[in-house]
Every structure is written in structure tokens, then in C-alpha cells.
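Hi,

Here is the structure I promised to pass on. Have a look at it first, and then read on for what turned up.

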Amino acid sequence: MSDLSQHKFTAEDFKEGQVLLFDKPLEWTSFQLVNKVRWLIRSHCNIKKIKVGHAGTLDPLATGLLIICTGKFTKRIEEFMGQEKRYTGTFSLGATTPSYDLETAVDKTYPIDQITDTQIEKATEDFTGDIDQYPPVFSALKKDGKRLYEYARNQEEVEIPSRRVNISYFKITKVAMPEVEFEVACSKGTYIRSLAHDFGKALQSGAHLSSLRRTKIGTFEVENAFDIEAFIQTLPPKKDLS
């Protein structure tokens, strides 16, 4: 629970600027969470307009830490987006999906009986340090003014350039085939879905991301984050904006 969990916010607090930590629920988009927080602030604090934004998208099928800034602190969003992020999650070996996660159905399967624990551990070495990574075609990145996932859903071919990212820490925490649990710390712009896909390739098999949780951004930790109900408790009684 956040250190602010016992705090009672005022309208002026949000206008002056707050850095709020939220634990994003499964299947919510980051945009939905921002919209919910904005609506709560407006309706409880009787504010007609308030700037609210997040510092780094989480996919709908991921949970965990999302930094939301309000008021004047929205100017700090780029600062937070640039900080290192830490995740835990699960790769499922032996199958790939077009989105590299569970958003789309399995399109290919591969044998996994030949994969040893030693090979799994050694494969992490190939993905530590500065690496070139291709973002998933099912992503919100833009090319020629169009989101990549729009090309993917229309089954249009599109060339995606690689990007240089940094993975400072990558550890396998549990192997229970076909699932492999991991912990990773990485730079801005790293796609863990792409890491899952490439990890499967490195094992001469296939893999996709089957669970993901963001636990840390810079010095901010998910243990100190609000859920929506806890955040509501920090707000004044709801007011009618009509």
C-alpha cells in the first residue's frame, strides 16, 4: 500500500501535481486506468478539467506498476519513462503466437523434449547487456502514421526496424516445462513479449509470454501502489458535476 494511503487529497493537491503509483489490474488498458483516475479526481474534487497521464504503457494482459502523474507533474512523465523497469513473468515454451503473448491464439507448435535446464539458463546470457530487438507487430508503435497492430490485424506486411535496448538483469527463477518463470530488469523501449519470442528461437523452439507483472520503475515499487478502491479512500466525498 502506498505511503499516501492515509493521506486525504484535495483538489489543489492534484492541480499542483502528484505522482501516484497504481497496480494495474489484468485486462485493463493503461488508458482505461488513466481515464478512471481522471474521472475519480474530477467527480470527488469538483474539478472540471485536470491533466492526468501515465509514464509507460502496460499491455492489457500485464499487471503491476503504472505511474500516473497529475497537474503540473505531468511534465515529469518523460523523466519517469526513461527509468529502468523490472518485471516478473512466465514464458510458455513450445508454441508461438502472432502477438508474442496470449492476445492471439497459438499459430505454431514446436518440440520441447530436447530442451534442458542448462540450455535455458545459458540462453539468458544471449539477452543480457545491449541487444537489438524487434518490437512485436502487434504493438502501438507507429509507422507511416499508422499503429503497427492496425497493419497486423489487416494482415498487411510491414517492415519493422530493430531497436537497441539494454537488459541489465535476466534470471530464470523456476522451470516447470513448458513454463519458465523469470525476472528481468531492462531499459525504456524493451518489449518483454519480444524477449519471450526471441528466447524461444534461441532454444531452437518457440515461446510466447503467458504472464507479466511490472514490479518496479526506477525506485518506485508496486508494493507501494494503490488499487482503485484504496485510492478512492484518499479522496473527498464524491460531488455531482452535472
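Let me start with Phe 170: leaving out residues up to four places away in sequence, Phe 170 touches Phe 91, Thr 124, Phe 127, Thr 128, Phe 182, Glu 183, Val 184, Leu 195 and Phe 199 (contact meaning heavy atoms within 4.5 Å).

Before going further, the ground rules. This is a predicted model, so local features need pLDDT of at least 70 and side-chain atom pairs count only at pLDDT 80 or more, while totals for chains, interfaces and linings use all residues. Residues are numbered from 1 along each chain as its sequence is written, and side-chain values use heavy atoms, with hydrogens and water left out.

Now the core. Phe 170 is listed with Phe 91, Leu 93, Phe 182, Ile 192 and Phe 199 as the residues with the most contacts inside the largest nonpolar core, which has 27 residues. A nonpolar core here is a set of buried Ala, Val, Leu, Ile, Met, Phe, Trp, Tyr and Cys residues joined through side-chain atoms within 4.5 Å; buried is under 20% relative accessible area, exposed is over 50%, and partly exposed is in between (1.4 Å probe, protein chains only). At least two residues of this core come from each of strand 4 (85-93), helix 4, strand 10, strand 11, helix 6 and strand 12 (207-217). Helices (H or I, at least four residues) and strands (E, at least two) are DSSP runs, numbered from the N terminus. Another core, of 20 residues, lies apart from that one and has Leu 40, Cys 45, Ile 47 and Ile 50 among its members. In soluble globular proteins, nonpolar side chains tend to be buried together.

For the chain as a whole, I get seven helices and 13 strands. Of its 242 residues, 45% are buried. Of the contacts between residues at least 6 apart in sequence, 72% join residues at least 24 apart.

Next, the strands. Strand 10 (residues 163-176) runs antiparallel to strand 7 (residues 129-133), with five bridges joining them; Ile 131 has Val 165 as its bridge partner in strand 10. Strand 10 is also joined to strand 11 (residues 179-186), again antiparallel, by eight bridges. Strands 10 and 11 make a hairpin with two residues between them, and Lys 174 is bridged to Glu 181 in strand 11. Pairing takes at least two DSSP bridges between two strands.

Then there is helix 6. Eight of its eleven residues are buried, namely Ile 192, Arg 193, Ser 194, Leu 195, Ala 196, His 197, Phe 199 and Gly 200. Ser 194 sits in this helix (residues 192-202) and counts as buried because its relative accessible area is 0%. Beyond its neighbours within four places in sequence, Ser 194 contacts Tyr 100, Gln 133, Tyr 134, Pro 135 and Pro 136. Just after the helix, Gln 204 takes a positive phi of about 55°.

Gln 204 turns up again around Gln 114, which touches Gln 119, Leu 203 and Gln 204, residues up to four places away in sequence not counted. Gln 114 is in the loop between strand 6 (108-109) and helix 4 (117-123), and counts as partly exposed because its relative accessibility is 39%. Gln 114 and Ser 205 are 91 residues apart in sequence, yet their C-alpha atoms are 9.4 Å apart in space.

Best wishes
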